[in-house]
Structures are given as structure tokens and as C-alpha cells.
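Please keep the sequence and the structure in view while reading.

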Amino acid sequence: MNCHEFQNELEDLVLNPAQAPSPVAQAHLSNCDPCSAELKELRATFAAMDAWTAPEPSPWFDTRVTARVRAEQQSAPANFLERLRARLLYNTGAQFRPMMATAMALVLMVGGAGTYLASVKSTPAPRAAVVEDLQILDRNDQAIQEMDLLDDASQDDEGIPQT
């Protein structure tokens, strides 16, 4: 066993001191002074932590905390840049989520509308053949006048068509 492999067993040895180390780990501990020293330090640290008792807070602790919070609430607000900086640095961004969702929805709507309008403009509406014929006739006034002249020329003076 090397030191890296022993590090995997070190946690179990420290957290469960009643557990005896495996024979391979025991052999490594007897031959490796740094690993043996690290195990002793960790056991001493955990023993000190088990013996430590948290001190009781002073009876005025809540009063002082409340007074500080009240003083912060009554203090003059910071300028806009300081508030923005604090909001960006210490915020989880939860209040920006609705704004970001709205912006994304707006981008999707604008993109969808643009795509729809582009597809509508690119495909002309189908027209009936009669409408197209009438439009061609309207545009070609000269052809209509020539047809009228041909009709006038094909009739005699009395209005009887000549064959």
C-alpha cells in the first residue's frame, strides 16, 4: 500500500476509531512516518472537537443584533451603483429569472414573427387565371385598341361584318 491508497482508508480510521486498521494499512502505518503523523493529528483534532462545548450566547445577543439590523434599515440608502454592485455580487439571481424568461419569450416571438413574415412575402398568393388575363389586358392597352381597329375595319359602312 502506498500513501495515496492509505488516504482512502484514513477517513474511516479517523471517523471510526474503534475500527482496527486493516493489516495492509497497519503495515503501511508502521513503515510510513508522515501517514502515521497525519493519523495522530487528525485523531487529536477530532478528540479536541468532541471535548469542545459551544459557549452560551450572552443574554443581550439578540438585543444587539436587532439593534444593528434596525440601524442598517434606518441608515441612508447607498447610491445606485453601490446597490447595483451589491445586488450583482451577493444575489442569487432569483429576481432576474422572470425578467430573463420574459426577454427570452419576447425574442422567440419576434423571431417567429419575422420568420412568418419572411415566408409570407416570399411566396406570392396564387391568382386565378381570369384575374391574370384581365391584368394582362389592362396593361396592354395598345392591343385592345388594335383589336377595336380590326373590328372597325372588318365591318362595312352599314355595320355588317365582312367575311
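## Terms and basis

Contact, or touching, means that heavy atoms lie within 4.5 Å. The model is a predicted one, in which local features need pLDDT of at least 70 and side-chain atom pairs count only at pLDDT 80 or more, while totals for chains, interfaces and linings use all residues. Residues are numbered from 1 along each chain as its sequence is written, and side-chain values use heavy atoms, with hydrogens and water left out.

## The chain as a whole

The chain contains eight helices and zero strands. Helices (H or I, at least four residues) and strands (E, at least two) are DSSP runs, numbered from the N terminus. Read from the N terminus on, the order of elements is α-α-α-α-α-α-α-α.

The radius of gyration of the chain is 47 Å, whereas a compact globule of 163 residues would have one near 15 Å. This radius is taken over C-alpha atoms, and the globule rule is 2.2 Å times the number of residues to the power 0.38. The C-alpha trace spans about 135 × 60 × 25 Å along its principal axes.

Of the 163 residues, 7% count as buried. Buried means under 20% relative accessible area, exposed means over 50%, and partly exposed lies in between (1.4 Å probe, protein chains only). Among contacts between residues at least 6 apart in sequence, 39% join residues at least 24 apart.

## Helices H2 and H3

How do H2 and H3 pack? Helix H2 (residues 23-31) and helix H3 (residues 33-51) meet at an angle of about 105 degrees, and their axes are 6 Å apart. Axes are lines fitted to C-alpha atoms, for helices over the stretch in contact, and angles run from 0 to 180 degrees between N-to-C directions. H2 and H3 are therefore roughly perpendicular to each other, a label given to angles of 65 to 115 degrees (under 35 is roughly parallel, over 145 roughly antiparallel, and the rest oblique).

On the H2 side, the contact is made by His-28, Leu-29 and Asn-31; on the H3 side, by Asp-33, Cys-35, Ser-36 and Leu-39. These residues divide into three nonpolar, three polar and one charged. Here Ala, Val, Leu, Ile, Met, Phe, Trp, Tyr, Cys and Pro count as nonpolar, Asp, Glu, Lys and Arg as charged, and the others, Gly among them, as polar.

## The largest nonpolar core

A nonpolar core is a set of buried Ala, Val, Leu, Ile, Met, Phe, Trp, Tyr and Cys residues joined through side-chain atoms within 4.5 Å. The largest one has nine residues: Phe-6, Leu-10, Leu-13, Val-14, Ala-25, Leu-29, Cys-32, Cys-35 and Leu-39.

Apart from neighbours within four places in sequence, Val-14 is in contact with Leu-39, Leu-42 and Phe-46.

His-28 lies in helix H2 and is buried, with a relative accessible area of 8%. Not counting residues up to four places away in sequence, His-28 touches Met-1, Asn-2, Cys-3, Phe-6 and Cys-35. Cys-35 lies in helix H3 and is buried at 2% relative accessibility. With residues up to four places away again left out, Cys-35 touches Cys-3, Phe-6, His-28 and Leu-29.

Is Thr-53 buried or exposed? Thr-53 sits in the loop between H3 and helix H4 (61-74) and counts as exposed, at 62% relative accessibility. The C-alpha atoms of Thr-53 and Val-24, 29 residues apart along the chain, are separated by 37 Å.
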